[in-house]
Amino acid sequence: MGNEVVTAGGIMGKIVEADENYLVLQIASVDDKPVTITFQRLAVQAVLPKGTVKF
């Protein structure tokens with residue numbers, strides 16, 4: 001958890017939850033509340049250096 005990634009669709013985010021098949025990525029923050037989306041693990045294109053994603 002906490003790794004920053006980019007998906008095959010170009011969405012960048014921070015992993016906040018994971019299971020065998022899916023990842024939950026935080027992609028933004030609104031009013032100090034996280035905005036998350038769920039992706040298949042296979043959609044991750046690359047792991048980014050820490051600090052790349054800013055909210």
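User: Is K50 buried or exposed, and how do I read that?

Analyst: K50 is exposed, because its relative accessible area is 60%, where exposed means over 50%, buried means under 20%, and partly exposed lies in between, with a 1.4 Å probe and protein chains only. This is a predicted model, in which local features need pLDDT of at least 70 and side-chain atom pairs count only at pLDDT 80 or more, while totals for chains, interfaces and linings use all residues. Residues are numbered from 1 along each chain as its sequence is written, and side-chain values use heavy atoms, with hydrogens and water left out.

User: Where is K50 found, and which residues is it in contact with?

Analyst: K50 is found in the segment after strand 5, a strand being a DSSP run of E with at least two residues, numbered from the N terminus. Contact means heavy atoms within 4.5 Å, and, leaving aside neighbours within four places in sequence, K50 is in contact with G2, N3 and E4.

User: How many bridges join strand 1 to strand 5, and how many join strand 1 to strand 2?

Analyst: Strand 1 (residues 4-7) is joined to strand 5 by four bridges, and the two run antiparallel; T7 has V44 as its bridge partner in strand 5, and E4 stands opposite L48 in that strand. Three bridges join strand 1 to strand 2 (residues 12-18), again antiparallel, and V5 has G13 as its bridge partner in strand 2. Strands 1 and 2 form a hairpin with four residues between them, and G10 in the turn has a positive phi of about 90 degrees.

User: Which residues of strand 1 are buried on each side?

Analyst: In a regular strand the side chains alternate between the two faces of the sheet. Both faces of strand 1 are covered, as E4 and V6 on one side and V5 and T7 on the other are all buried. V5 also belongs to the largest nonpolar core, together with I15, L23, L25 and F39. F39 touches, among others, T7, I11 and Y22, not counting residues up to four places away in sequence.

User: What does A43 touch, and where is its place?

Analyst: The place of A43 is in the loop between strand 4 and strand 5, and, residues up to four places away in sequence not being counted, A43 touches V6, T7 and A8. From C-alpha to C-alpha, A43 and A8 are 5.4 Å apart in space, although 35 residues apart in sequence.

User: Is Q26 buried or exposed?

Analyst: Q26, found in strand 3 (residues 22-30), counts as buried at 13% relative accessibility.

Notes. Two strands pair if DSSP finds at least two bridges between them. A nonpolar core is a set of buried Ala, Val, Leu, Ile, Met, Phe, Trp, Tyr and Cys residues joined through side-chain atoms within 4.5 Å.
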